[in-house]
Protein chains: 2
Amino acid sequence: MIQKEKIIDKQRLFTGNYLSLETWKTHLSDTISATREIVIAPNAVGIVPVDENRQIHLVRQARPAVGEILLEIPAGLIDAGESPEQAARRECSEEINLIPGNLRKILTYYHAEGYSTGVMTLFLGTELAPCHSQQNDQDEVLEHIAVPLEQAANWIRQGKFKDSKSMLGILFAIDIL
Amino acid sequence: MIQKEKIIDKQRLFTGNYLSLETWKTHLSDTISATREIVIAPNAVGIVPVDENRQIHLVRQARPAVGEILLEIPAGLIDAGESPEQAARRECSEEINLIPGNLRKILTYYHAEGYSTGVMTLFLGTELAPCHSQQNDQDEVLEHIAVPLEQAANWIRQGKFKDSKSMLGILFAIDIL
């Protein structure tokens, strides 16, 4: 029977604005121990916003970590004191100027279970209402596009999406709607 | 038109055995700059191994970063000098004692595009042949289980999987097979 690894010691190596880094000494069994390098990452939300014409609203944005401009569902970090639902509504209003009247949680998963504590929660957002354009994060530049949900599903098969949250969100949304 | 962020400077803060941490100064435009905290993560592979009885072979393993025992497809890091295909065959032999005679690449994606350089490549592995049990990684303890592919797909809907690679791999494999 597999056991959880017992954490014996944690050492903080770096505390950043966005993420932190620790090494954890763990015991796998009485005789095997290991040192794990762990990223403490903030939790995040992604939203699949689908309007009454079955159009999905997507954003294109620069992702310097991977050196590419990616096509994605709206997403972002959960701010201090926010619920995942509040973060989902805020990110929609900031990124696509639409607020979902209805949010349905579709999935929670670990995005980098090998080394990161980060949790991603995905929502289906419907009953989209226009909202006054809010200030985006100052260091985010986004392009907003809307396409039929089925076209987005085809784009997954064609390899147009390169992040897990967009693909999982769209595949689950297609299954629900 | 969205532009890639121009990287002006990189500062290495930590070099680990598994991952490294850097801060990157970037320019979003002539007037907006940002500092990004970036994890340099090794690339990895995941394999959906499906045998001639349409059984998928999965592993359960402790994931200390998220404090849980997760049910996953076989997966692991690409070692220095290895191709993704070689890593996929090696991980299958180490984790489930089966080597796929046929490997089909199904997907490449960024697992944490917001802050990590890491790339995940997923394969469908078929024509599975038993191999002599190889030594697992010393600091990995795994449990191997096999279930019908359709049952694994149901487990996705039921929330039994909590990592992106297993869900995406199984959903794509169902679409192909």
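A:Arg54 counts as exposed because it has 10 C-beta neighbours inside 10 Å. The cut-offs are these: buried means 20 or more other C-beta atoms within 10 Å of a residue's own, exposed means 12 or fewer, and partly exposed lies in between, with C-beta atoms placed from the backbone. A:Arg54 sits in the loop between strand E4 (44–49) and E5 of chain A. Strands (E, at least two residues) and helices (H or I, at least four) are DSSP runs, numbered from the N terminus.

This is a predicted model, where local features need pLDDT of at least 70, side-chain atom pairs count only at pLDDT 80 or more, and totals for chains, interfaces and linings use all residues. Residues are numbered from 1 along each chain as its sequence is written, while chains are lettered from A and ligands numbered from 1 in the order in which they are written.

A:Glu127 lies in strand E9 (residues 119–130) of chain A.

| Residue | Phi | C-beta atoms within 10 Å |
|---|---|---|
| A:Arg54 | near 60° | 10, exposed |
| A:Glu127 | near 50° | 13, partly exposed |

Now the sheet. E6-E5-E10 of chain A form an open sheet of 3 strands with antiparallel pairing. Its edge strands are E6 and strand E10 (142–148), each pairing on one side only. On average, neighbouring strands are turned by 25° against each other, direction ignored. Two strands pair if DSSP finds at least two bridges between them. E5(A) and E10(A) share 7 bridges. A:Arg60 stands opposite A:Glu143 in E10(A).

Helix H2 (residues 149–157) of chain A lies across E5 and E10 of chain A, at about 105° to E10(A). Axes are lines fitted to C-alpha atoms, for helices over the stretch in contact, and angles run from 0 to 180 degrees between N-to-C directions.

Next, the two chains. A rotation of 180° with 0.0 Å of shift along its axis superposes chain A on chain B, with RMSD 0.0 Å. The two copies are thus related as by a two-fold rotation axis.

51 residues of chain A are in contact with 51 residues of chain B. Contact means C-beta atoms, placed from the backbone, within 7 Å. E3(A) gives the most to the side of chain A that touches chain B, with 5 residues. The copies meet through the same surface, because 100% of the interface residues of chain A are also interface residues in chain B.

Note on methods:
Least-squares fit on C-alpha atoms with pLDDT ≥ 70 in both. Contact = placed C-beta atoms within 7 Å.
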